[in-house]
Amino acid sequence: LRCARMRVVGVTVLAFAGLAVALDNGLARTPPMGWMSWTAFYCEMDCVKHPNACINEQLYQQQADRIVQDGYLAAGYTNVHVDDCWMDRNRDAQGRLVSDPQRFPSGMKALAKYMHDRGLKFGIYEDYGTKTCAGFPGSYGFLQIDAQSFADWDVDYLKLDGCNINLDMMPIGYPEMARALNATGRPIVYSCSWPAYLINRPDKVDYNVIAQHCNLWRNFDDINSSWRSIMSIISYYDHMQDKHIPTHGPGAWHDPDMLVIGNAGITVDMARAQMTVWCIWSAPLIMSNDLRNIAPVFRDILQNKAVIAVDQDPLGKMGRLVANTTDVGVYLKAMTPVDDATGDYSYAIGILNRNPNNRNSVEFVLGRLGLNSAGGYRIDDLWSGQLVGVFRPQDTFQTIVNPTGANMFKATPVALADMTGLRFASFK
């Protein structure tokens with residue numbers, strides 16, 4: 001592989017803007033983490049031909065068991081999310097939703113109990129429109145009934161899609177469902193697909209308004225298990241970051257869609273790249289894969305606690321693309337610990353190589369990225385777990401990034417870091 005070089009100079013870091021007021025339900029103070037079925041299993045309903053891949057209660061139970069037994073719960077993945085295709089084709093005589101009797105014979109309340117008994121939370125799917133995207137009963141005209149059903153079933157999280165409805169109705173319907181959920185008295189995290197259906201109508205997207213009614217929201221195309229799909233989302237978020245960052249934080253999260261780590265088509269480098277950028281963004285970390293047969297290397301990526309800690313940082317700041325070339329993007333996220341005496345933040349640094357063929361060498365002076373703590377920084381490699389060194393603002397930092405990969409570091413002000421036995425040294 002060829003090794004190209006990128007030198008970052010003269011970058012000005014834009015100020016981290018204040019956050020909008022979020023949905024006042026006290027939920028999702030850090031980005032939600034869990035597992036969802038859609039990208040891995042879509043709407044497979046033939047349980048005879050595909051007994052291990054169809055949408056039924058056993059699928060969710062088995063994934064839940066793996067979350068608990070294989071360390072995902074201990075790493076922070078707490079939610080199991082049912083997606084589309086769980087319903088019967090018709091509501092009952094009282095207008096209530098009914099689970100498919102063949103594939104979910106125990107019902108949703110029993111499935112929620114299965115999750116709760118294992119220390120997990122239970123998420124469910126509906127659609128604001130007349131029908132879901134797969135053609136099952138939608139919530140239009142039944143918002144209050146459905147919200148109460150979800151509460152009665154002990155649901156903890158609702159994803160409300162936006163198929164089969166006039167787009168002009170979304171500013172009415174999504175807030176109405178928020179009020180209906182709150183009226184049940186049960187705390188239910190509310191995930192909206194509202195802006196995802198307005199990609200071509202940016203004039204209709206006001207995240208300050210959306211954040212008043214939703215805990216998180218999809219705003220771009222569905223992901224699939226390919227580098228092209230991951231990059232399309234990253235490119236969109238890079239382009240929109242000045243609009244996204246001020247409206248992102250505790251209780252109100254932009255959702256770039258599911259983690260596809262562990263699926264066919266995703267290499268180890270691609271997996272680290274997606275995890276790096278999603279965590280720099282403080283994005284929801286919701287896996288869609290088959291945890292029953294995932295390779296250990298992908299499990300380790302998903303469970304890297306130092307990387308997850310960047311995503312789950314209590315400040316909830318969304319990182320920013322601060323330097324960019326055709327192949328390489330450098331991202332910076334302010335996070336804890338913060339030096340109260342000086343106001344110096346710690347930072348997560350993500351370096352993405354978009355190129356599918358070439359390694360890239362990247363170097364930059366810390367101060368030119370905005371890392372100006374006079375005492376310097378301890379820098380740790382979050383993927384290898386190794387200490388890189390201690391750097392002053394005037395020092396040059398260098399790293400080599402694999403094709404379709406990403407490196408990730410944390411820079412902690414010396415005053416806040418464990419400095420036992422360490423000396424200042426540039427990495428050149």
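This note goes through the overall build, the disulfides and one loop proline of the structure above.

1. Basis. This is a predicted model: local features need pLDDT of at least 70, side-chain atom pairs count only at pLDDT 80 or more, and totals for chains, interfaces and linings use all residues. Residues are numbered from 1 along each chain as its sequence is written, and side-chain values use heavy atoms, with hydrogens and water left out.

2. Overall build. The protein has eleven helices and 17 strands. Both are DSSP runs numbered from the N terminus: helices are H or I with at least four residues, strands are E with at least two. The radius of gyration is 22 Å, which agrees with the value near 22 Å for a compact globule of 428 residues. That radius is taken over C-alpha atoms, and the globule rule is 2.2 Å times the number of residues to the power 0.38. The C-alpha box along the principal axes is roughly 70 × 40 × 40 Å.

3. Burial. Of the 428 residues, 59% count as buried. Buried means under 20% relative accessible area, exposed over 50%, and partly exposed in between (1.4 Å probe, protein chains only).

4. Disulfide count. The whole structure holds four disulfides, defined as pairs of cysteine sulfur atoms within 2.5 Å. Counting bonded cysteines along the chain, the pattern is 1-4, 2-3, 5-6, 7-8.

5. Cysteine 43 and cysteine 85. Their sulfur atoms are 1.7 Å apart. The S-S torsion is about -115°, so this disulfide is left-handed. The pair links distant parts of the chain, 42 residues apart: cysteine 43 lies in the loop between helix H1 (38-41) and helix H2 (57-69), cysteine 85 in the loop between strand S3 (79-81) and helix H4 (108-117). Cysteine 43 is partly exposed at 22%; cysteine 85 is buried at 1%.

6. Cysteine 47 and cysteine 54. Here the sulfur atoms are 2.1 Å apart. The link is right-handed, with 100° about the S-S bond. Cysteine 47 is partly exposed at 25% relative accessibility, while cysteine 54 is buried at 1%.

7. Cysteine 192 and cysteine 214. The sulfur-sulfur distance is 2.1 Å. A torsion of about -95° makes this disulfide left-handed. Cysteine 192 sits in strand S6, and cysteine 214 in the loop between helix H7 (207-210) and strand S7 (216-218). Both cysteine 192 and cysteine 214 are buried.

8. Proline 187. This residue is in the loop between helix H6 (170-184) and strand S6 (189-192). Beyond neighbours within four places in sequence, proline 187 contacts Leu27, Val155 and Asp156 (contact: heavy atoms within 4.5 Å).
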